[in-house]
Amino acid sequence: MANFFWIELATVLWRPAALAAVAAAFAVGSLTVAGTLPASAQAACGDAPPLDGSIQNSVVEGDVIVLGSLSERPYVVAVPGEAETVLEALRLCVGDAFVTSARLGPFLQAGTFTSHADAKAVAQWLRSQGFDARVIYRP
Amino acid sequence: MKNRAVRKTKLARFGPAILSLQLGRRAVLALGGLGLAAWAERVIAQTLPVRVDRWLEVRSLAGTVQFTRQSSAQPARVGYRLQSVGEGLRTGHQSQAVLALDTEVGFVSLASNTDLRIENLSATASGGRITYLRILRGQARLQTRPFTNPDTRLDVETPAGVASIRGTVYGLTVQPDGRTGIATLEGVVVATGAGQSVTLNPDFQTLIVPGQAPTPPSPITNDVSLDLRSLRVVGGNQVELVGRVDPLNILMIDDQVQTLERTGQFRLQLPLPADRQFIAIVTTPLGNQQIYALRVP
């Protein structure tokens with residue numbers, strides 16, 4: 001996989017079958033959050049996020065604010081799907097989350113990080129809020 | 001070059017609603033009602049236009065700035081004077097210009113991709129200076145000192161309405177569809193659209209949609225943020241760009257001014273650039289700008 005592959009969970013690397021399953025689910029949008037939001041997420045983000053506000057989808061380079069693909073922050077917290085209802089709920093947790101896409105399909109970008117550990121912590125936090133969040137690597 | 005006032009023509013074109021602005025707020029309040037327009041016409045008919053030298057002088061330039069007259073255009077230079085009806089200035093991409101009003105009463109700063117044209121430069125018998133400018137697109141910021149002559153006025157017309165001032169600092173944006181955002185920093189601006197006016201006190205703003213009355217004044221935002229909701233490749237070589245900016249702002253993406261919905265939302269589908277990046281510039285009515293690099297994942 002050229003410049004896009006799951007890092008979440010080394011399971012992907014260790015167990016090709018798991019990768020195939022995730023990829024297939026992603027492609028057909030059958031993951032839990034792709035269509036409807038779990039009831040638990042309706043009260044999303046009652047808990048404080050980890051990392052003391054360092055979740056971000058933008059960086060400042062001089063006078064320019066960079067949005068979208070941030071090569072220096074390659075670990076991306078992603079929520080598969082593109083449903084507007086999910087995006088609205090996710091934005092209660094991460095205000096600048098947005099819809100984007102990869103070869104495996106559309107997803108909601110919920111944060112970019114320089115370290116896998118930070119990304120994983122945020123993904124876990126979002127999962128605790130009801131989102132099917134995982135970490136992908138996009139150098 | 002002498003300039004002949006054309007107030008009668010302006011009367012015919014813009015009608016009593018704008019005339020009422022020329023009389024000042026106290027007169028309007030004192031008179032009110034349906035008799036105002038007729039009274040205004042009588043008063044103005046008694047005020048004979050006079051010949052007088054009037055101009056806007058180019059004080060500074062950056063980038064590509066054209067001096068326009070009718071359908072012709074030529075590069076502008078510092079020191080050029082715009083003196084006749086129909087003459088104007090057009091700024092290009094990443095360009096700007098500053099014009100000084102004669103008598104140093106004020107300055108007009110034009111941001112990039114802005115068209116300004118003179119509609120009227122004249123004087124009243126009482127010594128008042130009438131300046132009527134038209135901005136077809138872009139962003140301008142005006143800064144004037146308080147007018148000492150009550151007949152002096154400076155009006156800026158856009159496709160959506162008119163902003164009238166009496167000594168102030170304010171700015172405006174003109175969208176491709178004519179929608180006009182006006183924000184006041186100092187002094188008072190009267191914004192008129194569809195025959196209705198609102199008064200903008202310092203730190204207030206309004207939006208005029210062509211054919212509609214100005215929105216009620218609201219506290220100034222001067223917000224340059226860009227709320228991105230979607231940035232993704234669709235159909236192989238197209239990019240879906242969805243987001244929102246303050247509806248009073250101008251959004252330019254790769255040198256093209258984009259038409260916003262009334263809420264400030266935009267939904268675009270653009271060819272995927274070779275470098276997978278768009279440059280977006282958000283400009284407020286007061287001229288504040290923020291540059292964004294939108295890098296397509």
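Visitor: Which residues touch the most other members in the largest nonpolar core?

Guide: The structure is a predicted model. In soluble globular proteins, nonpolar side chains tend to be buried together. The largest nonpolar core here holds 35 residues. Those that touch the most other members are B:Leu56, B:Leu82, B:Leu89, B:Leu99, B:Leu116, B:Tyr170 and B:Ile182.

Visitor: Which strand gives the largest share of this core?

Guide: The largest share amounts to four residues. They come from a strand of chain B that spans residues 129-144. This is strand 10 of chain B.

Visitor: How many residues make up the other core, which lies apart from it?

Guide: Among the members of this other core are A:Leu87, A:Trp125, A:Leu126 and A:Ala133. Its size is 26 residues.

Visitor: Is the pair of A:Tyr75 and A:Tyr137 stacked, tilted or edge-to-face?

Guide: A search over all chains finds two aromatic pairs. In this one the ring centres are 5.0 Å apart and the planes stand at 45°. Planes under 30 degrees apart count as stacked and those over 60 as edge-to-face.

Visitor: Is B:Tyr80 buried or partly exposed?

Guide: B:Tyr80 forms an edge-to-face pair with B:Phe67, with 5.5 Å from centre to centre and 90° between the planes. B:Phe67 has a relative accessible area of 6% and is buried. A residue is buried under 20%. B:Tyr80 has 22% relative accessibility, so it counts as partly exposed.

Visitor: How far from the ring centre of B:Trp55 is the charged end of B:Arg81?

Guide: The charged end of B:Arg81 sits over the ring of B:Trp55. Its distance from the centre of that ring is 3.8 Å.

Visitor: Why is strand 6 of chain A described as largely enclosed?

Guide: Strand 6 of chain A covers residues 105-113. The rest of the structure largely encloses this strand, because of its nine residues the number buried is eight.

Visitor: Which residue of strand 6 of chain A stands opposite A:Ala78?

Guide: Strand 4 of chain A pairs with strand 6 of chain A in the antiparallel sense over six bridges. Strand 5 of chain A also runs antiparallel to strand 6 of chain A, joined by five bridges. A:Phe98 stands opposite A:Gln109. The residue opposite A:Ala78 is likewise A:Gln109.

Key. Residues are numbered from 1 along each chain as its sequence is written. Chains are lettered from A and ligands numbered from 1 in the order in which they are written. This is a predicted model: local features need pLDDT of at least 70, side-chain atom pairs count only at pLDDT 80 or more; totals for chains, interfaces and linings use all residues. Side-chain values use heavy atoms; hydrogens and water are left out. Rings of Phe, Tyr and Trp (its six-membered ring) pair if their centres lie within 6.5 Å; planes under 30 degrees apart count as stacked, over 60 as edge-to-face and the rest as tilted. Buried means under 20% relative accessible area, exposed over 50%, partly exposed in between (1.4 Å probe, protein chains only). A charge sits over a ring if NZ of Lys or CZ of Arg is within 6 Å of the ring centre and within 35 degrees of the ring normal. A nonpolar core is a set of buried Ala, Val, Leu, Ile, Met, Phe, Trp, Tyr and Cys residues joined through side-chain atoms within 4.5 Å. Helices (H or I, at least four residues) and strands (E, at least two) are DSSP runs, numbered from the N terminus. Two strands pair if DSSP finds at least two bridges between them.
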